[in-house]
Every structure is written in C-alpha cells, then in structure tokens.
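Dear colleague,

Please find the structure below, handed over for your records.

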There are 2 protein chains.
Amino acid sequence: MDNNQLFQKFVAFSAAVHQITNDITKDVKSEALTPLQYKILEYIAVSQPVTLSEVSDCMQMSMPNTSREVKKLSEKGVCTRITDPDDRRKQGIKLSAAGEALMNEAFQQIAVRFEQRIAGITAAERKEIEQALDLLQHKVFY
Amino acid sequence: MDNNQLFQKFVAFSAAVHQITNDITKDVKSEALTPLQYKILEYIAVSQPVTLSEVSDCMQMSMPNTSREVKKLSEKGVCTRITDPDDRRKQGIKLSAAGEALMNEAFQQIAVRFEQRIAGITAAERKEIEQALDLLQHKVFY
DNA sequence: CCCTTTAGTTGTCATTTGATAACAAAAACA
DNA sequence: TGTTTTTGTTATCAAATGACAACTAAAGGG
C-alpha cells in the first residue's frame, strides 16, 4: 500500500525534524525563561500581536495557565500587553524591546547552528532545499 | 543575504511541522501515559531495541530520570527489558505485546488524520511530497 | 435593560518533570 | 589485582506544568 509508505515517511520525517530542532535550539533559551515560556515567547515573536486566546489555542493550554505564564513573561519585561480599543476585553501581546533583543539573540544562535548543519552545500542543492520546504509547507504542513 | 532567507524558511517550516504534528497526535496518547512517557514509548517503538543510555541521549534527559520513567513504562506493562548477555550492564528495551498494540492503535489514529490532511491530492503531487521528504531528511534533518 | 457569551484573572492543588547525591555492579584497563 | 569507567538504580527535593473553581468586565443579542 503506497499510502502507508508515505505515512511511514511522514512519521520518520516529523521525528527527525523534532529531534534536529530540539538539538539546534537546545540551551538557546535565556536562563530566565522556562522552556514553556520560551516557546510562548517564540510564538509571540513570529505572530505578534496576538491575544491571550490565540496563545491559548496555539499552545494548546488552558486560559488560566496561559494567563499565568504570559503574566510572568510581562513581569520579566519581555512582552507588553495593550488593551484593544475596539474590544476592551482583548489585549494585543507583543515583544518589548528587551524581548526583541532576547529573541534576536536566540535566533542568531539558531541561525549559526543551522548554517553549520548545511555547510558545504552547493547553490543547486540550496535551491532544491528551498523548493522542498515550500512544497511541504503548502501541501502538508499548512 | 540568501542565507538568511533560507534560514527564515527553515524556522517557519520547523514551527509548522511542530504545530501540525502536535495537532495530529493530540489526544492520541493513552490515558495511562504522561506526555513524556508517550514520547519515550514512541521512540522505543521506532528504534527498538534500545538501551537506557540511548533513550537518555535522544530524549535529552538525565539517566536517573530516564531510569525512573522507563521503570514506570515497564511497570505499566508496555515495555520489557532484557539484560544484554554480552554486557550485563546494558539492557535491551523493547515494546511488549501490549505496548505494540497500544502504539499500533496510536499510529492508526495518526495515519487517519494524516490522510485526511492530504486527501484529494494527485498521484503526481504525492510523488513530489515523497521526494521532498526524502531530500530534506537527507540534507537538513539527518 | 436583562441575559448570555466572550475574554481574561486569581487562587489553589495535584501531577509531572528536572536536578542532584549516593550508590551498585559489570566491564575495561593498567 | 586494583582502579577507573560505563551503565544503571534509588531516593529526595524543587520547579514547572496542568486542572479546576470562582470570579470580573466587556460585548452582543433579544
């Protein structure tokens, strides 16, 4: 069954991606943040501004726990919350300047490790990789 | 800088893979297992037989904690440990019959969701996806 | 205007996970 | 043979995370 073969590849591939990204982002998170807090901050970084509910949905955690963790993040000065003037129940969560600095540093480290990983690759291969990333993102991981 | 663009894609892609696989495997884990225990069991399933040290390395957890969690898994009857006759310090960890059954069921559920996700794709597209998975796994996530 | 829904907060408790010290036994090595 | 290294265990403690109840305030709908 061809279907099954593709699924096998998918499973192996997902496992590999998890493994490698864990490896690459290992020890990147600031000492001041717990792993969960780092993940939340990473999510905020790429999706800002976000609401608490969006964080809650995407991170698959309950509102009370999300509220607590985001509160800690803003207490640590890495994100800010401003009430949405159109709907004063909602709040827009963004990185603060300190948060931007922190995440820039983190991404920098990750970038270095990523480049080490793909060092010595030809321009043609690079192109192929780029296309493969695009393809999969559109057709499978959308 | 082209380098940076590729890195951006890599980050976005990794995030998407995490998100989608979390979504797909959500609620799949047996009620009897904690998330960590499920991940360990998944690792054992695809790499068996493994030693404790291998689990410890791959899951990036300390030996004491690994020992504890694997002990719980065998107490729950989902894996077995047999002492390596060639080196009696080591032990080969495998899924038990119950563990196999549990993981089969889990993979079944994941497979269903995966197929829903790629439903309505042409044979040519399927081929492309397969090739992209292979390419990335060999050149980036190895 | 009342009622319901949505968005978020606070507090509390249980469970999970991480960290560390102290240990045992087999293997490797000198 | 004695020492060191590898592999794993047990116990204990602290921190992180998850679950839930009770609450506030704003918005929406009749």
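**The second largest pocket**

Seventeen, written 17, is the number of residues lining the second largest pocket, and A:Phe7, A:Gln8, B:Asn104, B:Phe107 and B:Gln108 lie nearest its centre. A pocket here is an open set of points on a 1 Å grid over the protein atoms alone where a 1.4 Å probe fits, with protein on both sides within 12 Å along at least five of seven lines; lining residues have an atom within 4 Å of a point. The model is predicted: local features need pLDDT of at least 70, side-chain atom pairs count only at pLDDT 80 or more, and totals for chains, interfaces and linings use all residues. Residues are numbered from 1 along each chain as its sequence is written, chains are lettered from A and ligands numbered from 1 in the order in which they are written, and side-chain values use heavy atoms, without hydrogens and water.

α5(B) gives the largest share of this pocket's lining, eight residues. Helices are DSSP runs (H or I, at least four residues), numbered from the N terminus.

**The two chains**

Chain A is superposed on chain B by a rotation of 180° with 0.0 Å of shift along its axis (RMSD 0.1 Å), by least squares on C-alpha atoms of residues with pLDDT of at least 70 in both. This is therefore the relation of a two-fold axis. In chain A, A:Ala132 has the C-alpha nearest the axis, 2.4 Å from it. Of the contact residues of chain A (heavy atoms within 4.5 Å), 100% recur in chain B.

Yours sincerely

Note on methods
Helices (H or I, at least four residues) and strands (E, at least two) are DSSP runs, numbered from the N terminus.
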